[in-house]
Amino acid sequence: MGTVLDSHFLALTAIVTVGYQFLFFVITALLKFDKVTDFAGSTNFVILAVLTLVLKGTWHFRQDDSTLPSSKQKSEEKADLLDINISYFGKKTVAVPLTNGSSSERVYMVQLDYLAFGSFDLACSTMGSSTGSFSVDEWILQWGEDRRFDEMRSNLGKLAVFWTFQAVWVWTVSLPVTIVNASGRNPSLQVADIIGWIMWSVGISVEALADQQKLSFKNSPQNRGKWCNIGLWKYTRHPNYFGEILLWWGIFVASIPVLEGAEWLVILGPIFLTVLLLFVSGIPLLEESADKKFGNAAEYRHYKSITSPLVPLPPVVYGSLPSWFKTTFLFEFPLYSRNLPQEGVN
């Protein structure tokens, strides 16, 4: 379809994102219901990805799934399957498959698998005219209240700042997907594509597994009042965030063959996400909450001293490393322990 406001859809995606997040800000402010924050963020990603893809109206292999039946069929049928996978705050996986049939019949299927919350499935079918089906499992209530809102529920100003920040976050992190979908360039397969896909595959797998493990741990009655230290959580205190960061850097790396000139600024997307999770609303908030809750438990302090904050490592290896090495190369920043009782700081 071509250009809407600008050739890269930057203004359009910004307007859509601000409007969408403002809607959920109003819902949260009026109903004091903060469990829609993750839903608002993740579905916003899907909306931007599908919107920019459809508006551009062209399909190429960086958008298409690499497992099409044959190259001959790929050339005869312009696009058979699109997979776009997006994650939000390490809590869920979003898969967007698109099947494009004849010019008069298209079927769009959007499926969001919220591995940490249960599952949320949205199917939207278009057969000449638009019809849709929408089913929501009871995923929203499984995790309880959003801890990020503990000090915001009664403060409209702080709530507005949060939703503004979330809008900026969604738009910025979506930049690589937006630019690739808006681009008409389709260079041949390159090393960057393969590296990016590998990074993305490992990242989404780690994140999904970590979220499922934590959900199972949290739903077990015998684990009440305990911190999660099973599975991947034995090797890193935040495996979901490790997967989150890795997959978004993978998306950026896979977009490199398409980028030209100022388009390289899309690197701000994964940089913004990394800074956000490392220093703002990701690891710092969770570390603070855990330290206040478990900081006086010797077992917890031992777990924290031998477990990497982000990059998965065997506890025996991480525990033997010097503090300067942990801080410099493994992101064990002092702010992650500022609320830990002094006797627990090694």
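Mentor: Happy to. Let's begin with E332, which is buried, with a relative accessible area of 14%. Keep in mind as we talk that this is a predicted model.

Trainee: Which side chain does E332 meet in a salt bridge?

Mentor: That would be R237, with a nitrogen-to-oxygen distance of 2.9 Å. The pair links distant parts of the chain, since E332 is in the segment after α12 and R237 is in the loop between α6 and α7, 95 residues apart.

Trainee: And is R237 buried or exposed?

Mentor: R237 counts as buried, at 6% relative accessibility.

Trainee: What does E287 form a salt bridge with?

Mentor: With K304, where the closest N and O atoms are 2.8 Å apart. E287 sits in helix α9 and K304 in helix α10 (residues 298–306), so this pair ties together parts 17 residues apart in sequence. Both E287 and K304 are buried.

Trainee: How many salt bridges does the count come to, and which residues are linked in a network?

Mentor: The count comes to five salt bridges. R237, E287, D291, K304 and E332 are linked in a network of them.

Trainee: Nice. Let me step back for a moment: how many helices and strands does the protein have?

Mentor: There are twelve helices and six strands. Of the 346 residues, 47% are buried. If you take contacts between residues at least 6 apart in sequence, 64% of them join residues at least 24 apart.

Trainee: What about the accessible surface?

Mentor: It comes to about 16300 Å², and 64% of that belongs to carbon and sulfur atoms.

Trainee: Which residues make the nonpolar surface patch?

Mentor: F165, L265, L268, I271, V275, F279 and V280 make it, and the patch has an area of about 580 Å². Helix α8 (residues 268–280) gives the most, with five residues.

Trainee: Which residues of α8 are buried?

Mentor: G269, P270, L273, T274, L276, L277 and L278. What covers them includes α4 (156–173), α5 (175–182), α7 (239–255) and α9 (283–294).

Trainee: You mentioned α4. What is T172 in contact with, leaving aside its neighbours within four places in sequence?

Mentor: T172 touches L268, G269 and F272. T172 is found in helix α4 and counts as buried at 9% relative accessibility.

Trainee: Changing topic, how many aromatic pairs are there?

Mentor: The count comes to 18 aromatic pairs. In one of them, the rings of W249 and F252 have their centres 5.9 Å apart and their planes at 90°, so that pair is edge-to-face.

Trainee: Where do W249 and F252 lie?

Mentor: Both are in helix α7, three residues apart, which is about one turn of the helix. W249 is partly exposed at 23% relative accessible area, whereas F252 is buried at 5%.

Trainee: Which residues form an aromatic cluster?

Mentor: W227, F294, Y300 and Y303 form one.

Trainee: And what lies over the face of Y318?

Mentor: K326 does, at 4.5 Å from the ring centre.

Trainee: One last topic, the backbone. What is the phi of F9?

Mentor: F9 has a positive phi of about 60°, although it is not a glycine. F9 lies in the segment before α1 (10–31), and it is buried, with a relative accessible area of 0%.

Trainee: And F331, what is its phi near?

Mentor: Its phi is near 65°, again a positive value in a residue other than glycine. F331 is placed in the segment after α12 (323–329), and F331 is partly exposed, with a relative accessible area of 27%.

Trainee: Great, thanks for the tour!

How values were computed
Residues numbered from 1 in each chain as written. Predicted model: local features only at pLDDT ≥ 70, side-chain atom pairs only at ≥ 80, totals over all residues. Heavy atoms only, no water. Patch = residues over 30% accessible without salt bridge, like charges linked within 9 Å, V, L, I, M, F, W, Y side chains within 5 Å. Areas by Shrake-Rupley, 256 points an atom, 1.4 Å probe, with all protein chains shown as cover. Salt bridge = Lys/Arg side-chain N within 4 Å of Asp/Glu carboxyl O. Helix = DSSP H or I, 4+ residues; strand = E, 2+ residues; numbered from the N terminus. Buried < 20%, exposed > 50% of the residue type's maximum accessible area, 1.4 Å probe, protein only. Contact = heavy atoms within 4.5 Å. Phe/Tyr/Trp six-rings, centres within 6.5 Å; stacked < 30°, edge-to-face > 60°. Lys NZ or Arg CZ within 6 Å of the ring centre and 35° of its normal.
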